[in-house]
Amino acid sequence: MGGLAALYVAVGSPLAELDHHLLTAHMAQHLLVMTVSAPLILLGMPVLRSMNKAIHPAFCWFAGTGVVIAWHVPVLFELGMRSAYWHAFEQASFLAAGLLFWSPVIQALRNEPSPAIARWHIPLYLFLATLPCDALSAFLTFCDRVVYPNYASAHRHFDISALGDQEFAGALMWVWVTFVYLAPAAAITIQLLSPQRGDLDGRAQARS
């Protein structure tokens, strides 16, 4: 339910009405769909995680990072802004990519064995995923021109310039992705470095 609520905030709340006027709102939509809604849905649907075990984690990684980078290429970005159909497809692709990307991570957090990837690979999986996002974020934050023409001509909200909006959107993505990816990586690393805790939990479950 939390995942569906986050999805509604992204695509059905007033935030969705601002995405054609503010890049920051558009970026917030993507982050909500991919890093909040998708992992929460996976946590609440074990059957979906089981289905995704058949998909190799490398494909999940490339799907997650590829969708983010592709939809921020100016040509594709502007296509999504001009067409309601392509905009809906864009949002759906972010959700699908998020479900794929987070599947190995949620499986590792839930200690659900995967034959395709070891748990200790997941922190590296997450770290590598931050790199293309960081590069994109840095480009948007420090670029001295407006990258997307849609926002250069859009009606301004909240007394912020198009370039200032772009800088804020890049910074939001940079900080958000870093912390959201760092948290599960740290949790899994702590679990891996605490084998005695896992043994105690296993014995307690066996006795119960």
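Where is Ala 10 found? Ala 10 is found in helix H1. This report starts there and then widens out.

## About the model

This is a predicted model, in which local features need pLDDT of at least 70, side-chain atom pairs count only at pLDDT 80 or more, and totals for chains, interfaces and linings use all residues. Residues are numbered from 1 along each chain as its sequence is written, and side-chain values use heavy atoms, with hydrogens and water left out.

## Overall build

The protein has 11 helices and 0 strands. Both are DSSP runs, numbered from the N terminus: a helix is H or I with at least four residues, and a strand is E with at least two. Read along the sequence, the pattern is α-α-α-α-α-α-α-α-α-α-α. The C-alpha trace spans about 65 × 30 × 30 Å along its principal axes.

Of the 208 residues in the protein, 45% are buried. Buried means under 20% relative accessible area, exposed means over 50%, and partly exposed lies in between (1.4 Å probe, protein chains only). The accessible surface comes to about 10800 Å². Carbon and sulfur atoms own 71% of that surface. Such areas come from the Shrake-Rupley method with a 1.4 Å probe; for residues, only the protein chains shown count as cover.

Contact means heavy atoms within 4.5 Å. Take the contacts between residues at least 6 apart in sequence: 75% of them join residues at least 24 apart.

Ala 10 and Val 11 both have their place in helix H1, which covers residues 2-11. Ala 10 is buried, with a relative accessible area of 0%. Val 11 is partly exposed, at 42%.

Their contacts are listed without residues up to four places away in sequence. Ala 10 touches Leu 15, Ala 16, Gln 29, Leu 32 and Val 33. Val 11 touches Ala 16, Gln 29 and Gln 91.

Ala 10 and Ala 92 are 82 residues apart along the chain, and their C-alpha atoms are separated by 12 Å. Val 11 and Thr 141 are 130 residues apart in sequence and 25 Å apart in space, C-alpha to C-alpha.

## The nonpolar core

A nonpolar core is a set of buried Ala, Val, Leu, Ile, Met, Phe, Trp, Tyr and Cys residues joined through side-chain atoms within 4.5 Å. The largest one here has 53 residues. Phe 101, Trp 102, Tyr 125 and Leu 126 touch the most other members. At least two residues of this core come from each of H1, helix H3 (23-44), helix H5 (57-70), helix H6 (74-82), H7, H8 and helix H10 (162-192). H3 gives the most, with 12 residues.

What does Tyr 125 contact, leaving aside its neighbours within four places in sequence? Its partners are Pro 57, Cys 60, Trp 61, Leu 100, Phe 101, Pro 104, Val 105 and Ile 117.

Ser 103 sits in helix H7, residues 84-109. Ser 103 counts as buried because its relative accessibility is 0%. Leaving aside neighbours within four places in sequence, Ser 103 is in contact with Leu 42 and Asn 52.

His 121 belongs to helix H8, residues 121-142. Is His 121 buried or partly exposed? His 121 is partly exposed, because its relative accessible area is 29%. His 121 and Val 105 are 16 residues apart in sequence and 9.8 Å apart in space, C-alpha to C-alpha.

## Cysteines and charges

The structure holds 0 disulfides. A disulfide is a pair of cysteine sulfur atoms within 2.5 Å. Cys 133 is in no disulfide; its nearest cysteine sulfur, that of Cys 60, is 15 Å away. Cys 133 is buried at 4% relative accessible area, and Cys 143 is buried at 11%.

The protein has 10 positive and 12 negative charges, and their mean positions are 17 Å apart. Lys and Arg count as positive and Asp and Glu as negative, while His and the chain ends are not counted. The place of a charge is NZ of Lys, CZ of Arg, CG of Asp or CD of Glu.
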